[in-house]
Amino acid sequence: MKVYADSSTRFSLQLLLDALFVAWVLTWIWAGTKVHDGVMALAAPGLKAESSAGSLSDSLSDAGDFLGGVPYVGDGAATPFDQASGAADSLAEAGRASVEAVESLAFWLGLGIAVVPVLLLAVIYLPGRVRWVLESTAGQRFLDGPADLELFALRAMGNQPLHVLAKVTDDPAGAWRRGDADVIARLADLELRAAGLSAPGTAAAVPTRAL
């Protein structure tokens with residue numbers, strides 16, 4: 001697979017853009033993590049309330065059990081403690097619910113902060129990058145020798161703008177049919193540059209095509 005162009009200038013540009021894309025991804029992952037941690041800090045009061053209420057409930061329940069076992073006091077003395085223990089359990093449950101809500105908010109908000117910007121750039125950048133890699137890899141398989149320049153010259157006549165072709169010759173189709181080695185090499189170079197490839201040989205090695 002051909003990931004980068006042969007041309008040093010284009011190679012440097014592709015490498016820079018890939019590095020910037022990776023930096024963009026890492027930056028937003030870091031930002032999403034910071035947002036997640038920041039929101040999770042809001043769960044501290046709920047955690048404290050859950051812990052304190054749970055401890056209070058256990059203490060009240062133990063006191064009720066103790067009083068319930070005292071002779072002549074009976075279960076009647078334990079009832080208020082059991083009721084208070086139940087109220088403390090309700091407070092603990094409310095604390096747990098608030099913590100779960102904050103955890104959910106922290107997860108989805110952090111995920112959104114990290115994923116949305118990454119996806120937006122990926123949709124813009126990756127299709128063209130992947131398409132270039134596939135085209136360049138396929139083109140490299142065709143480029144076995146100087147004779148293959150004719151194929152790339154033909155593609156250039158179909159893909160390159162007319163004003164670009166005019167800079168090479170005013171009759172590119174005729175030059176291609178005549179097997180003009182110099183024109184074929186220059187036309188092929190246009191397409192090879194677009195594919196990030198280098199010519200395998202000199203234009204003189206291009207064979208003459210019979211009409």
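The model is predicted: local features need pLDDT of at least 70, side-chain atom pairs count only at pLDDT 80 or more, and totals for chains, interfaces and linings use all residues. Residues are numbered from 1 along each chain as its sequence is written, and side-chain values use heavy atoms, leaving out hydrogens and water.

**Exercise 1.** State how many helices and strands the protein chain has.

*Solution.* Helices (H or I, at least four residues) and strands (E, at least two) are DSSP runs, numbered from the N terminus. The protein chain has seven helices and zero strands. Read from the N terminus, the order is therefore α-α-α-α-α-α-α.

**Exercise 2.** Classify Phe107 and Trp108 as buried, partly exposed or exposed.

*Solution.* Buried means under 20% relative accessible area, exposed over 50%, and partly exposed in between (1.4 Å probe, protein chains only). Phe107 is found in helix α3 and has 44% relative accessibility, so Phe107 counts as partly exposed. Trp108 also lies in helix α3 (residues 74-142); its relative accessibility is 56%, so Trp108 counts as exposed.

**Exercise 3.** Describe how helix α4 packs with helix α7.

*Solution.* Axes are lines fitted to C-alpha atoms, for helices over the stretch in contact, and angles run from 0 to 180 degrees between N-to-C directions. Helix α4 (residues 149-159) and helix α7 (residues 181-195) pack at about 70 degrees, with their axes 7 Å apart. That makes α4 roughly perpendicular to α7, a term for angles of 65 to 115 degrees.

Conventions: Parallel < 35°, antiparallel > 145°, perpendicular 65-115°, else oblique.
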